Amino acid sequence: MSTPTDRYAGPVYTGSGAPGDDDEVVLDFDDVDVRFKTEFGSVHAVKGVDLRVRPGEVVALVGESGSGKSVTSMTAMRLLPRNATIGGAVNVAGKEVGRLSESRMRRMRGNDVAMVFQEPMTALNPVLTIGTQMVESMELHGVARAQAAIDRAVELLGMVGIPEPERQMKKYPHELSGGQRQRVVIAMAISCDPKVIIADEPTTALDVTVQADILDLLRSLKDKLNTGILLITHNMGVVADMADRVAVMFKGEIVERGTVEEVLLRPQHEYTKMLLGSVPRMGAGRGQMGISVKEDVDQDAPLAIELKNLVIEYQRLGKPPFRAVDDVSFDVRKGEIVGLVGESGSGKSTIGRCALGLIPAASGEFRLLGEDVTRMSKRDLKALRKRIGVIFQDPAASLNPRLPIGECIAEPLVVHKMGDRKSRQKKVYDLLDAVQLPREVYNRYPHEVSGGQRQRICVARALTLDPELLVADEPTSALDVSVQARVLKIFAELQEQFGFACLFISHDLAVIDLLAHRVVVLQNGEVVEAGPREQIMENPQEEYTQRLIAAAPVPDPIEQGQRRRERHELLRAQGEEVAELQLDDPDAFHGLSAADPEQDQL
Amino acid sequence: MLQFILRRIGISALVLLLGSALMFFATINAGDPLFDLRESRATNRDQLIAARIELMHLDMPWWQRYLTWLAGAGKCLVLQCDLGTSRDGANINSLLLSSAGASLRLVSLSVALAIVIGILLGVLSAIRQYSGFDYSITFLAFLFFSLPVFWAAVLLKEFGAYRFNNWIADPVLSTTAMAVIALIFALVVAAVLGGGLKREAITFVVTFAVVFGAVTVFDRVQWWRQPALGLPIIVLGGLAALAFFLVLTVGLSERRILYSGLGTVAAGVVAYFVTAPLVENPSGWGTILLLALVAAAVGAAIGWFFGGFEKKIAMFVCSGTALAFAFLVFMDQLLRNWGSFLQVAARPISTIGDARIPYAKLDGNFYIFIYNWGVQLILPTIVLTLISIAGYSRYTRSSMLETINQDYIRTARSKGLSDRVVYSKHALRNALIPITTIVAFDFANLLGGAVVTETVFGWKGLGDMFKTGLDFVDPGPVMAYYVVAGTAAVFMNMIADIAYAFLDPRIRR
Amino acid sequence: MNDKPTPPGDDRPEQDQPPVPGSGREGLSPEPMPHDPAAPQDPDVADEVSEGTDGELPGTRYSVEKQIDLTQKSYSQGQLVRRRFFRHRGAMISLFALLFVTVFAFTSIGYGIIPGWWKKPFWEGGLVENGGRPTLQIWPFVWGEHPFGQDNAGKDYFSLTMRGTQRSLIVAFTVGLVSTFIGTAIGAIAGYYRGWIEGVLMRITDLFIVIPALVLAAVFGKMANGGIWPLAFLLSVIGWTGLARLVRGEVLSLREREFVTAAEAIGTGSGRIVFKHILPNTIGTIIVSATLAIASTILVESALSFLGWGVQAPDTSLGLLISTYQTSFQNRPWLFWWPGMIILVIALSVNFLGDGLRDAFDPRQNRTAD
């Protein structure tokens, strides 16, 4: 499929701020081109990318999945798989990566250019201690040896804000939290004082408050150490928060570049506009992206969900049971969307699963559509389930790969023995129309369609039985923003049309702000705050809610700068620390690592 | 952790008990224990039958027989086993004592060899995925998987014993044979070292020339009957070991460690002359072990004093080199005594069981005894090792490939670590974790395989005891076999669990 | 480009389509999906087919969503697996070899109603001609009077070997089928319903750590007393545990997957969940380990016959032939080679077949057994 003419021929918008020829540049991509040979022919992943990063500057490379942004960054490390063919040139700190011998390239990795990866859970070796992994690269690059290296590692861990660094050195990665592990990865990345750091989606896997901390840390790092950062991300809020300059990638090419204000506030290219238009903004409330929600909920409508003092516990072998949900009460009226917000471990998904009768409650009342699910016979439960629809987070896992799409959607009808073959097929066609998918997908298989389309199929399946209640567990968090916008829009339209009640579980406050009538904020299994959307979003009372809202970034650099300052004030007012690199004397830091780079072993 | 282990022991005991009931029941129902007597034409046939019924308690219901057996076997817990008597009235305790040692030694040796070689091959073929080496290893693994054990054993007996014994009487190699040997060596070495077509071609040619030359020389000087290494080859081997340990740890360019390693080799040369009288005629294994320990200690000391920053690594490299050197010296002596062993045993490789010369009749030094003890082990060990190597290498390969694709390997590479460190420090340990679980199964499998090999090679071991027991429908020996095999398997399982916990910090504590 | 080959990192494009259920990487690849070569890469064309309802969202034509190409033929998972399998050269050669041996064994001396074209009965001795040497020649091809030679009593060794092959194949395939059936059922029940069944299953599996499978097979083989059907049945009783363990593991992970949770939430009965949603997704594991069970049964059966606890005279099997003639290696080596080679060929081709199937079902090769 790779014809010589598959280059994008449309306009490329170049704004200001790019480094001139005289500027010092630490990372320089010059017409980089990457193809992958696969058994189905070659894939042109990156098609001639030019990009430069100066010291002390953050350049964001933005794009959705498949845009080739990660592949571009990996060319600088020369860590692409062997079926990749790379064209063009990449210069790191003045050395052309493609021309280096393998041993010189290894000397460069970690020393001149370091990486911070997306998934802190898997980026550290589970069987080696933090200390071993920290010391390793310093000894390798001759920065420090033996006890000196250990001391420096402790110092670095302290710098990135890990408490009791000496103790953490002996720990294994699984004993640290996600945010702490990402701090360790960052400490590892700066240990040899690299000239440039490539941060590949460094905060995507983290909770929003942790994300804000890590971003603060990265920002102070570039300020204090004058390191250049290439930030790869899909999150426009993160871009607004961090970047000095932005390049937008689409299908392997940069379609627009410029300073962060230019690109985010005055986008020129259609794709950039579309991308920005698809991001739900914190505080912007309703009416974004053409999504509208029926506002008037009948306050006397019967309750669809009624929770009273719900407790859910997980049994653990040889330990007291773990209380995932503790004394939670709230309710959802018919026709109302209630947003359940919380970070990982808050118990929001557990409540969702309990609502579906998949996990038993330890105590408390759980009434669904007026009936108590905690003490219900199997048959009654099945009858009740006819009236409830469900959408899960992972579109890849929520459809049976062995069933054609039509059968997936018709499954509820078959299970509840409703209609005959003909009427079922008609119903499926109607639903496919409703979620704006062509009827021809009826006989296709889930692996033949993309993630967003699969999620729309899940929506269709949830609506097959015209449910009175829909439980949506993070329905859009695995999707790209433009795809998310589309799914949300379809969702809102269908809600208006069918008027079902909905328990909408999400970690994304902006999405909740866009859709929900009322919001329930959870933390560690307990309700922190609950109330109408306007009240929670615009005037939160509890500290946790305030922090949560303050931490969510918006895709507007000026507004985000403002929000950041407000957040820091809020943190200080609440007696917490703002994350930053604990470093007083940058010169001493540089001095140590510049000890004798030529003494490298290997 | 303790709770975990106790729980495992409890479960294992329960399973052992259930297994014994199953085995007992199945065995006594496996045929007619009186078959041979019913066919007999002896005049006192009825008397004989009655006597056997009496002896084997055939008049009792099965559970009563089982409980009787269990009561006796249960005393093993207080170290007073009573496993009953066999059909011929022999005491099974004493039968077991003579046979268990031999079989367990055989199986343990094979397991150890299979684990080491299998994992090594698996790792190499994973690192060289889709290379000629990888394909060959894969093919060989499949071949060994599909090889009927007994058939392979018979083949090995024919070629490894009969024909070798004929050949060693007057060892001359034809030029073709020499060329084939050199070719095989060259192919293997080139494939293992790898590194691009050109380098592989050079390796191939060089190895071929060296091996061919060596074999020719060996042939001329009657090396096959009078082998020896000699000091030069020992020193070369020591240097090779040093290079190996260096590559494994810090690379060849680390001066201080390289020099201390060279010092260790030099010390070895001195020790070669100093300890010569001791090594030439040691009083027993104790002396050898002591010398090995001394070598390791000297190596460690050299590493400690001259290692500089990296004392630990230097100590590891130096004592490793010293041990390798000592081993070569030992091998040298062993080889030198091959000729005298041939004088004692003209057809050295035994084919039928304990054809070795009885100890009392054997006259010779320590090394002759080693040969006498070792030659009977060689063939069955090869067979058993071959069966289980295939499993380990395949399993290691896939585990290693999976590990190499993990994120933390990418992190390690992004730090600038070389392939060597990435594979040995970051990947291997993670890849070994799932392998511990198959060790227990493999051990049981090999104990089963021992029944076949012992039959083919005529060993009087556990497997043979089992075979006669089953043929006579006599539960005594069969259950004795079960007690040993089961306990050994449970023990192996426990070791595997501990290894698992050792390798994986996530399940420790 | 002196780009040193490095093992693929996380960024590698999805090379094998479709992703295997359970690999956890389905469709979430950061790369373009390369599996439909005809898919236009041009962003201007890259929009979903047959959709006219857009327009509200700015620039939907720049959607990153892969379009549904309705001109492409649709493949189910099964069809894709079949296609990969037929492209696997080793597996195809093995399939051919296995079919050849099977057809040859059953048609040559006949079986039941199948008439044989080789008329020398395997139990009848005769005059030993030319020291019993095989008359088979490959080039020029000569079949001769006794292609595989004769044994000491002048029996035609070709007939004997074919008879033995028949016996071995019957036992192996019966055991493969029966133990797969038992193993799948028990594994699925244990994995889905958990509870005491799972406990019992795990203890039975532990049993096979303390009793070597071959030893139990020996005791059972002795019980069967030479009949191949009882032997096949008793070996199946031993053979199912491995598969049950595998299926249980697979079911355990599948039941946590969201499509199963979704089915439960809809109110699907447990029977339907197991048979419609879970088992079809374990078919790869089941078929692969059924093949491996066949391969190992061939070896176990012949080993038992060799030791005297499997098929017994006057009937014959490959293991028994080797056992009988192992001492004639010096004088009549062919009596030893033929049956051994046939066992090897069958076991090897079944193993390669299993490998091909594994690759076809799981192109990532990341299965680490349970």
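**Note on the predicted model: cores, the B–C contact and salt bridges**

1. Asp112(A) counts as buried because its relative accessibility is 9%, where buried means under 20% relative accessible area, exposed over 50% and partly exposed in between (1.4 Å probe, protein chains only). Its side chain meets that of Lys195(A) in a salt bridge, at 3.4 Å from N to O; the term stands for a side-chain nitrogen of Lys or Arg within 4 Å of a carboxyl oxygen of Asp or Glu. The two residues are 83 residues apart, with Asp112(A) in the loop between helix 2 (102-108) and strand 7 (113-116) of chain A and Lys195(A) in the loop between helix 7 and strand 8. Helices (H or I, at least four residues) and strands (E, at least two) are DSSP runs, numbered from the N terminus. Lys195(A), at 40% relative accessibility, counts as partly exposed.

2. On conventions: this is a predicted model, in which local features need pLDDT of at least 70 and side-chain atom pairs count only at pLDDT 80 or more, while totals for chains, interfaces and linings use all residues. Residues are numbered from 1 along each chain as its sequence is written, chains are lettered from A and ligands numbered from 1 in the order in which they are written, and side-chain values use heavy atoms, with hydrogens and water left out.

3. The loop that holds Lys195(A) also holds Asp193(A), between helix 7 (178-190) and strand 8 (196-200) of chain A. Asp193(A) is not a glycine, yet has a positive phi of about 50°; its relative accessible area is 15%, so it is buried. Asn226(A), in the loop between helix 8 (208-225) and strand 9 (228-233) of chain A, has a positive phi of about 60° and is not a glycine either. Asn226(A) is partly exposed, at 46% relative accessibility.

4. Over all chains the count is 49 salt bridges. One of them joins the side chains of Arg533(A) and Asp513(A), at 3.0 Å from N to O. Here helix 19 (residues 533-538) supplies Arg533(A) and helix 18 (residues 509-515) supplies Asp513(A), 20 residues apart; both residues are buried. A network of salt bridges links Asp213(A), Asp216(A), Arg219(A), Asp241(A), Arg564(A) and Arg567(A).

5. Chain B puts 63 residues and chain C 52 residues into their contact, contact meaning heavy atoms within 4.5 Å. The buried area is about 4,800 Å², with 73% from carbon and sulfur atoms; buried area is the accessible area (1.4 Å probe) that two parts lose on being put together, summed over both. Phe142(B), Phe150(B) and Trp151(B) supply 14% of what chain B buries against chain C, more than any other three residues. The interface has 1 salt bridge. Asp355(C) and Arg394(B) meet in a salt bridge at 3.9 Å from N to O, and both are buried.

6. The largest nonpolar core has 171 residues, and Met23(B), Phe150(B) and Phe466(B) have the most contacts inside it. Such a core is a set of buried Ala, Val, Leu, Ile, Met, Phe, Trp, Tyr and Cys residues joined through side-chain atoms within 4.5 Å. Helix 16 (residues 366-404) of chain B gives the largest share, 16 residues. Met23(B) touches residues of both chains, including Phe466(B), Tyr482(B), Ile211(C) and Val219(C). Another core, of 102 residues, lies apart from the largest one and includes Val58(A) and Leu230(A).

Technical notes. Lists of a residue's contacts leave out its neighbours within four places in sequence.
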